[in-house]
Amino acid sequence: MLYGYAGHTLRIDLSRDTIEKEPLKQEWMDDFIGGRGFTAKILYDEIPAGTDPLGPDNRFVIAMGPLSGLFLPAAGKTHFAAKSPATGGYGDSNMGGHFGVTMKYAGYDVTILTGRAKEPSYIFIDNDTVEIRPASHLWGKGSTAVEEILKNDLGQEFQILTIGEAGESMVHFACISHDFGRQAGRTGIGAVLGSKNIKAIAVRGTRDIPVFDPKGLLKKGKQTYAACREKPGFKGWTPEGTAGITNWCNDVGALPTRNFATSHCDYADKINGKAILDELKITDKGCFSCPIPCGKYGLAKTGKGNKYVEGPEYETLALVGSNCELSDIHAVAHVNWVCDELGIDTCSGGAVVSFALECYEKGLISKEEMGMDVKWGDLDSIVYILEKIAKREGIGDVLADGVKKAAEKIGGDSSKFAIHVKGLEWTGYESRNAPGMMLGYMTADIGAHHNRCWVLGSDVANAVGGNQDANVHDLISQGADFSVIPKADHKNVVPLVLKSQHLRPAFDILGTCRLQYMEIGLETHYYEELYYHATGKKLDFNKDLLKLSEKIWHLNRMFNKREIPDFGRKYDYPPPRFYEEPIPSGPNKGHKVEFSVIEEMLDTYYKARGWDENGIPTKDTLEKFNLAVE
Amino acid sequence: MITITLNMSESLLSILRDAGRPGQPTRRIRVEAGTLVRQVLIDQGISPLLVPLIFLDSRKVSVDTPLQTNGVLTLHGPLAGG
């Protein structure tokens, strides 16, 4: 008897119009456990080498973990993966909400889409009933409208996943949306779904998930909730959500501003968590079984109308707000809504718009090419560019492939301020004085994504020491214009980066949110015990789970080596802006990362990982992790 | 003198651990009435730059808040955005 898993893989070949339900592979469960482990294994094994990310041979994979959907805190995470159109390498993204849980209740731990539907379609799943249905009535519609139409047609209990117009146009940073405001945003997986002519997936699941020890799991689940409530960090992040760190990022000189030209702005108080509470918020919103709901649902009011929107989260405040010089919280929230409706990742969307604004400012994109006179901090300009991108109209068609490819077409010195790694746009932490964070971004398998590694706090501790009262906020508000934060030392960052890079996948594998561990401090023995009651198997968090995390890093590196021509060390370099231009203002004024430091950090990192000097896992390393890959 | 129960979130404790200065999730300290939160942090060896969120008896406060009576001071470290 199989416990903790629904027990099945759903395979849908859209070209052949075939639907198959097969037992979940024992090898996957034994060696890769779930979620991000499954997707790493499936993408490497099943995507033919050299596949076009937007071609029919690419796989769109949905995977849940063994703890997904069970009675324990925040067990509602779903993992999506495909070969990325943004990077040409391994791509994935993670989402909360209720979609994956419902897929598991319908009987499926893993769903794999291949091929391309003959016409715009959506996938209907109601337990064993799985159908590919016409979706011409949904094509061209925004995310909210699609969810409303399908829920009204099928039933409110159906959970909906959808792409917007950007996914239909195969914009390389198109996201997928769910639950009126939740997104799996990164690596362009929405474009992959669009390339398959799939507008949406609707699912209802009413089955139980068999567990090894139901009474034990219920008891341990209650104890885990109680343990969460008793932790000092329990109440901290619900009031403002992730937006609560906006001022902190500004104070420590990490807030991307004006396309990462600098790392500090003078209007952070207008676009922070308090501004959301004062101006936008209607209610908190949480994912499945979450004890600390961090989502904020609110109403954005601008000259463009009133729009209900979930967010903005910190990343959106940073990349749509300060990075585009948008200093009004309603305007930022409106752009958030536009991105959600069009199905554009707000991280890459904000980064691409800010790149376009700088190109326009420097004359690399003419007014004729742009189609209007666009300005920093102007809501109309930002929405205009995003709509052009979603429709792939004019300059939007160039920008729709992301900043790396756009810079290759635009030319001039635009590649120096195209802020990305491997083709994926950098997210909300300017890192010229954060060497650990920078190394984390540089070496992430999917490109510059903060959720692969987040050590910014340790970088700041490294820079300011134990008890230095840098008092940055006061100094800046009093008009200080000098470097306040000392240069951070890069010598000892590799162990911290590796630790973070191994910890974070653990929760993506199990199917839970990481915040209960990262913020609340829920001890690892809870995860080990919950896993045992769910599956009947022993799991040592540190020995087994973190080792699997490390194995996945090697496997995804090999996927990138196989799929990206000339892949290696040069794909790990940050954009030239970060090593050529000192930060011009704010608490980190004057700091940049020297290129020699970048090389030194990579040398140390590769050696610690067991990779050669070009960043490729050695034969010994692959054998050590029982990876028979080339 | 007043008694302050000083709580620290895991996100802060983990940064302090990595910096070689492990702390306790909860401890009690005695300070003069009127002491600023900022001074408490410095006395504990914690840079105010590492503490983006501070709650005094469940109410959000700034580092410049004076501690006047016995209470619970909860310090939250930074955390990645969504």
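Trainee: At what angle do the axes of α12 and α14 of chain A cross?
Mentor: In this predicted model, the axes of helix α12 (residues 346-361) of chain A and helix α14 (residues 379-391) of chain A cross at roughly 110° and come within 10 Å. Angles from 65 to 115 degrees count as roughly perpendicular, and α12(A) and α14(A) are therefore roughly perpendicular to each other.

Trainee: Which residues of α12(A) and α14(A) meet?
Mentor: From α12(A) there are A:Gly349, A:Val352, A:Val353 and A:Ala356, and they meet A:Ile382, A:Ile385, A:Leu386 and A:Ile389 of α14(A).

Trainee: And how many of the residues in that contact of α12(A) with α14(A) are nonpolar, polar or charged?
Mentor: The contact of α12(A) with α14(A) has seven nonpolar residues, one polar residue and no charged residues.

Trainee: What about α10 and α11 of chain A: at what angle do their axes cross?
Mentor: Helix α10 (residues 314-321) of chain A and helix α11 (residues 329-342) of chain A have axes that cross at roughly 105° and come within 10 Å. That angle makes α10(A) roughly perpendicular to α11(A).

Trainee: Which residues meet there, in α10(A) and α11(A)?
Mentor: On the α10(A) side they are A:Thr316, A:Leu317, A:Val320 and A:Gly321, and on the α11(A) side A:Val332, A:Val335 and A:Asn336. By class, the contact of α10(A) with α11(A) has four nonpolar residues, three polar and no charged.

Trainee: Changing topic to α9 of chain A: which of its residues are buried?
Mentor: In helix α9 (residues 273-280) of chain A, the buried residues are A:Gly273, A:Ala275, A:Ile276 and A:Leu280. They cover an arc of only 155° around the axis, which puts them on the same side of α9(A).

Trainee: What covers the buried residues of α9(A)?
Mentor: The covering elements include α8, β13 (281-285), β14 (295-302) and α11 of chain A. Helix α11(A) is also the partner of α10(A) in the crossing discussed above.

Trainee: Now the contact between the chains. How many residues of chain A are in contact with chain B?
Mentor: There are 38 residues of chain A in contact with 32 residues of chain B.

Trainee: Which elements of chain A give two or more residues to that side?
Mentor: They are α8 (246-251), α10, α18 (456-464) and α21 (515-520) of chain A. The largest share, six residues, comes from α18(A). By class, the side of chain A that touches chain B has 17 nonpolar, 15 polar and six charged residues.

Trainee: Going to whole chains, how many helices and strands does chain A have?
Mentor: Chain A has 26 helices and 17 strands. Of its 630 residues, 63% are buried. Its C-alpha atoms fill a box of roughly 65 × 50 × 50 Å along the principal axes.

Trainee: How does the radius of gyration of chain A stand against that of a compact globule?
Mentor: For 630 residues a compact globule would have a radius of gyration near 25 Å, and the 23 Å of chain A agrees with that.

Trainee: And in what order do the elements of chain B run?
Mentor: Chain B has two helices and seven strands, and from the N terminus on they run β-α-β-β-α-β-β-β-β. Of the 82 residues of chain B, 46% count as buried. The radius of gyration of chain B is 12 Å, which agrees with the value near 12 Å for a compact globule with 82 residues.

Note on methods: Residues are numbered from 1 along each chain as its sequence is written. Chains are lettered from A and ligands numbered from 1 in the order in which they are written. This is a predicted model: local features need pLDDT of at least 70, side-chain atom pairs count only at pLDDT 80 or more; totals for chains, interfaces and linings use all residues. Axes are lines fitted to C-alpha atoms, for helices over the stretch in contact, and angles run from 0 to 180 degrees between N-to-C directions. Helices (H or I, at least four residues) and strands (E, at least two) are DSSP runs, numbered from the N terminus. Angles under 35 degrees count as roughly parallel, over 145 as roughly antiparallel, 65 to 115 as roughly perpendicular and the rest as oblique. Two residues are in contact if their C-beta atoms, placed from the backbone, lie within 7 Å. Ala, Val, Leu, Ile, Met, Phe, Trp, Tyr, Cys and Pro count as nonpolar, Asp, Glu, Lys and Arg as charged, and the others, Gly among them, as polar. The radius of gyration is taken over C-alpha atoms; the globule rule is 2.2 Å times the number of residues to the power 0.38. A residue is buried if 20 or more other C-beta atoms lie within 10 Å of its own, exposed if 12 or fewer, and partly exposed in between; C-beta atoms are placed from the backbone. The arc is that of the directions from the helix axis to the C-beta atoms.
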